Amino acid sequence: MGISNKHIVLGVSGGIAAYKSADLVRRLREHGAQVKVVMTANAEQFITALTMQAVSGQPVHLSLLDPAAEAGMGHIELARWADVVLVAPATANFIARLTHGSADDLLNTLCLATEAPVMLAPAMNQQMWQDPATQENITTLKNRGVGILGPGVGDQACGETGPGRMLEPAELVDAVFAVFASGALEGDKVVVTAGPTWEAIDPVRGITNLSSGKMGYAVAEAASEAGAQVVLVSGPTCLAPPENVRLVSVCSAQNMYDAVMSEVGDAQIFIAVAAVADYRPVSAAQEKIKKHRDTLTIELVKNPDILSAVAQRDNCFTVGFAAETSSIEKHAREKLEKKGVDLIAANKVGDGEGFTADDNALLLIDRGEMRSLPSMSKPQLARILIQEISKRYHAKSPAQDSRRAHR
Ligand code: PMT
């Protein structure tokens, strides 16, 4: 666990504490994070873009209408790229504009456009911090789920003393680590399936599908970040397993079924992301099939349905994925009932969507509300999915929560 390879957008607004932002970037990168810096026009009065570019190793983003960014929409590109947006320092003016939904510069706009967690490290004169206008803005932002880090109390650049100092870079790095270690599934065992299955026709041929494993591996990683003990039962993929996740490699649907059944007995949550073959050849040829005949008929038999089997056991909160090419909601609702699961995450597949893509969008459907998660990177999406699963799991299983509290 940690922030290695995590995508951090660091927003810098115009305050004297901006000189510490360079050190913050350096520290985040020392932990393996990728950092892209966005500066407001006022921030450039305090620290140069050149400095931030040198420490981040990336071009610095300054303008809302950047012709160099994808289709001139840098804010959307950055909003999607970010795993977390941290604004440090966040001035009183930036905070006020964010509260009111201003979209007149790049930093404000991307904060509105992102699905990633947004965190602010306020930095300002103590009287400005304590002013009722600022305090109301902070309360509003907190209620909207924006993380407020600090401020610290002490001597200020203006010569006064009180609350309003930006937290030190090391403290901000700790806060970023905490985003990826929510603890929401601490002590729980989560089994995730991922990737395709391979149904052998002969020793060198088989029936498979286009699943890359990206979505399932991202879900496994997000569950691990949330503190769960994760077992990833994966069909053949080219991906390295996430850190702290136990990988069980399988080939066919039957192998996957066996592996899952031997792991779910003591698991609290099962998430079926794998694209499991519905059918397999009745028998695989022992030798490579020769092309003597003009036509070849392969008789197929149904594979066991892993998700339905786990849902029937009743000890696990079960989450299924639904891969649909049309009528997504309708088909997903049918799967919710037919398979008897607690939650379905439906995605559109085909035409470059879903399978193999780096981004995905999901429709979350259970027997209550429905939530649509717009297109974003699979790791980002997985983190939100895990939060949604955790909320529903804890609501459904308060008894297990209290057992855990006494462990
Ligand atoms: O791996 P990627 O390239 O990142 O692509 C991700 C994905 C598109 C594969 C993923 O997001 C996804 O949609 N996974 C489910 C694919 C699928 O098989 O959907 P389905 O609608 O056919 O199956 C419904 C559910 O039943 C799934 O949770 C599936 O894992 C499960 N199932 C299906 C058949 C079976 N025999 N056993 C099962 O457990």
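Before we start clicking, one term: a polar contact here is a pair of N or O atoms within 3.5 Å. Keep in mind, too, that this is a predicted model.

Start with the whole protein chain. Its C-alpha trace spans about 85 × 50 × 35 Å along the principal axes. Colour by secondary structure and you'll have 14 helices and 19 strands to look at. Of the 407 residues in the chain, 50% are buried.

Now select the ligand. Where does it sit? In the largest pocket.

At Lys 335, a polar side-chain atom lies 2.4 Å from a ligand oxygen. Thr 356 works through its backbone instead: an N or O atom there is 2.6 Å from an oxygen of the ligand. Then pick Ala 323, where a polar backbone atom is 3.2 Å from a ligand oxygen.

Next, show the shell of residues around the ligand. There are 28 of them, and the nearest are Ser 211, Ser 212, Ala 274, Lys 335 and Asn 347. Colour the shell by class and you get 14 nonpolar, eight polar and six charged residues.

Last stop: which elements each supply at least two residues of that shell? Select α9 (214–225), α11 (306–313), β16 (317–324) and α12 (328–339). Finish on β16, which gives the most, with four residues.

Conventions. Residues are numbered from 1 along each chain as its sequence is written. This is a predicted model: local features need pLDDT of at least 70, side-chain atom pairs count only at pLDDT 80 or more; totals for chains, interfaces and linings use all residues. Side-chain values use heavy atoms; hydrogens and water are left out. A residue is near a molecule or strand if one of its heavy atoms lies within 4 Å of it. A polar contact is a pair of N or O atoms within 3.5 Å; within protein, one must be able to donate a hydrogen and the other to accept it, and residues adjacent in sequence count only if both atoms are side-chain atoms. On a 1 Å grid over the protein atoms alone, a cavity is a set of points where a 1.4 Å probe fits but cannot get out, and a pocket is an open set with protein on both sides within 12 Å along at least five of seven lines; lining residues have an atom within 4 Å of a point. A molecule sits in a cavity or pocket if more than half of its atoms lie within 2 Å of its grid points. Ala, Val, Leu, Ile, Met, Phe, Trp, Tyr, Cys and Pro count as nonpolar, Asp, Glu, Lys and Arg as charged, and the others, Gly among them, as polar. Buried means under 20% relative accessible area, exposed over 50%, partly exposed in between (1.4 Å probe, protein chains only).
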